[in-house]
Amino acid sequence: MTYAGERRSGDSLDVLLAANKRKPNFTEGESLFLISQFERNSGVLTSKVNDASTNKQKVEVWKRICSDYNNRNPIVLRTANDLKRKWKNMVRSAKRELLESSAHSESGEQSFAPRRFSLVSRRVIEILQITVAASPGEPAGINFDDCNADDSNFFEEEGAEKGKSMESKKSCM
């Protein structure tokens, strides 16, 4: 770490820049593989129980998913937290697509082509059984089937993720 007025050697700066290099975006195939792994382990990952043993099981499942993912794609190694963040983003994107689709149909807008969901969003909506519910005169909202809704810790906002410890940055291995 350098402080004001201190100089850094060129070698250490190169190492620092290489360590902070961005990973490539997930491909659609990688996203679909992650969805299939989540679906296979959805019983544990969507559990509403929030005790120590269940939370430990969830961590172990994400580590196992990470290991399977990295064995399948050894070129870009992802951490369990990378995969969990991607899952959350896919769920968020699917919800957004679903709400936008229902907003267009409710407003009576005529479009030349009906709104089509991406393959990834369609699979997420199927797995979590997400539906749109709107009361007359109120904006549409998202509903989950009770048996597939996740615990509140899983869908917590990004703000809590900003305070991660260095341990969460480690690979899943």
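In this predicted model, Glu 126 and Arg 123 both belong to helix 6, where a spacing of three residues places them about one turn of the helix apart. Their side chains meet in a salt bridge, with an N to O distance of 3.0 Å. Glu 126 is partly exposed, at a relative accessible area of 46%, and Arg 123 likewise counts as partly exposed, at 23% relative accessibility.

Arg 123 also takes part in a salt bridge with the side chain of Glu 39, for which the N to O distance is 2.6 Å. This pair links distant parts of the chain, since Glu 39 lies in helix 2 (residues 28–40) and Arg 123 in helix 6 (residues 119–128), 84 residues apart. Glu 39, with a relative accessible area of 38%, is partly exposed.

Turning to helix 5, which spans residues 80–107, one finds Asp 82 and Arg 85 three residues apart and therefore separated by about one helical turn. These two residues form a salt bridge in which the closest N and O atoms are 3.4 Å apart.

Across the whole structure, the search finds five salt bridges, among them the Glu 39 and Arg 123 pair, the Glu 126 and Arg 123 pair, and the Asp 82 and Arg 85 pair.

Key:
Residues numbered from 1 in each chain as written. Predicted model: local features only at pLDDT ≥ 70, side-chain atom pairs only at ≥ 80, totals over all residues. Heavy atoms only, no water. Salt bridge = Lys/Arg side-chain N within 4 Å of Asp/Glu carboxyl O. Helix = DSSP H or I, 4+ residues; strand = E, 2+ residues; numbered from the N terminus. Buried < 20%, exposed > 50% of the residue type's maximum accessible area, 1.4 Å probe, protein only.
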